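Dear colleague,

I am handing over the structure below, and I would ask you to keep it open while you read the notes that follow it.

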Amino acid sequence: MGKIILTGDRPTGKLHLGHYVGSVKMRKVLQEDKTYSEIYILLADLQALTDNATNPDKIRKNIIECALDYLACGLDPNRLSICVQSSLPALYELYMYYLNLVSTKRLERNPTVKSEMQMRGFDQEGLPVGFYTYPISQAADITAFCATTVPVGEDQDPMIEQAREIVEKFNNIYGNVLTLPETMHPSSEISKRLPGLDGKSKMSKSLGNAIYLSDESEVLKEKIMKRMFTDPTHLQINDPGKIDGNMVFTYLDIFATDKDFKELLPEYNNLNEMKEHYKRGGLGDVKCKNFLYNILNNFLTPIREKRHYWESHISDIYDIIQDGTKKALIKTNNTLDKVKEAMKIDYFNDKSKITKEWEEWLASNRMD
Ligand code: TRP
């Protein structure tokens, strides 16, 4: 049997370059790999609601936005099933059973939840219970699909660890039913985390430092030219410049190829030559930024065009996520059945089983 992939996103906004580098790019590689017999992408609307309870419209709208971005990037719905979390009741039923397998102490240790709490001000205001327990819900997602492989960013490692603990505990108590998942990270070091335009932290919608895959070229230009952090001590063209922490070079490291130099900036053979010149002095920010703009614009143009196509075929998108969800429903219900059987709480599957058991129990009690 082939391996099974589950990965997912919270539909809280359009996808940005950070998503591309950190996950979409890898999904494109994985969908070509026959080692994986099933691939599911979960639009985790329930997880998104754990910190957006008052704003369901935002989540609803972004289910379509995310699906548009996937298709625009070339994810292939014939190869992977795009599905919606809230339409898969097995996920929340499993979550209910798993809640009993995790202690509050264990949840408090989760470093991702800790930092997310701070970011959202929950450490002051009090924490929605659903948010606090979302790692358990994510373990339900992962195990419901029998995922062997979970491609995610490094910030998600604690979630996979939590899922593995639940699997081990469950299998220990009830028998070997659940599949032990493994994480998978993008291979190149730099691809793990794309910093935002400001260079301060990772690219994120809430920090307002993102370049969206759907940004039109003028918006892209404005963001790079006016908002991208470079080297604040590089005031004159002839001043020596710093590469470290300079976002233009961080992004060039990821996106520039030697071919780009040949076509767009032939005075250098490669990025190293360009960096040396910048460090020596004599290379201005505007020129570097223009080069980056051209590269990113060439990269984003076909994505943008495909997105425009799908935007005028929204009803097809609806069908695609409905089909994906139907497949996911069968898969996850099947796991739920096995779980309930293992826990012996499948009371109404077999009348004779439960009635006979009771009669036997009664009989043995009478003997005492
Ligand atoms: N927590 C993930 C994120 O924020 C989204 C997610 C929900 C997910 N369920 C999942 C990822 C299951 C992988 C597997 O990116």
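Does leucine 30 count as buried or exposed, and what is its relative accessibility? Please bear in mind that this is a predicted model. Leucine 30 has a relative accessibility of 7%, and because buried means under 20%, leucine 30 counts as buried. This residue is found in helix α1, which spans residues 17–30. Leaving aside residues up to four places away in sequence, leucine 30 touches Ile5, Tyr36, Ile39, Arg79, Pro151 and Met184. Lysine 205 lies 175 residues from leucine 30 along the chain, and the C-alpha atoms of the two are separated by 26 Å.

The other findings concern helix α6, which runs over residues 111–120 and in which Thr112, Val113, Glu116 and Met117 are buried. These residues are on the same side of α6 because they cover an arc of only 135 degrees around the axis. In general, an α-helix has 3.6 residues a turn, so residues three or four places apart point the same way. On the other side of α6, Gln118 and Met119 are exposed.

Technical notes. Residues numbered from 1 in each chain as written. Predicted model: local features only at pLDDT ≥ 70, side-chain atom pairs only at ≥ 80, totals over all residues. Heavy atoms only, no water. Buried < 20%, exposed > 50% of the residue type's maximum accessible area, 1.4 Å probe, protein only. Helix = DSSP H or I, 4+ residues; strand = E, 2+ residues; numbered from the N terminus. Arc of directions from axis to C-beta. Contact = heavy atoms within 4.5 Å.
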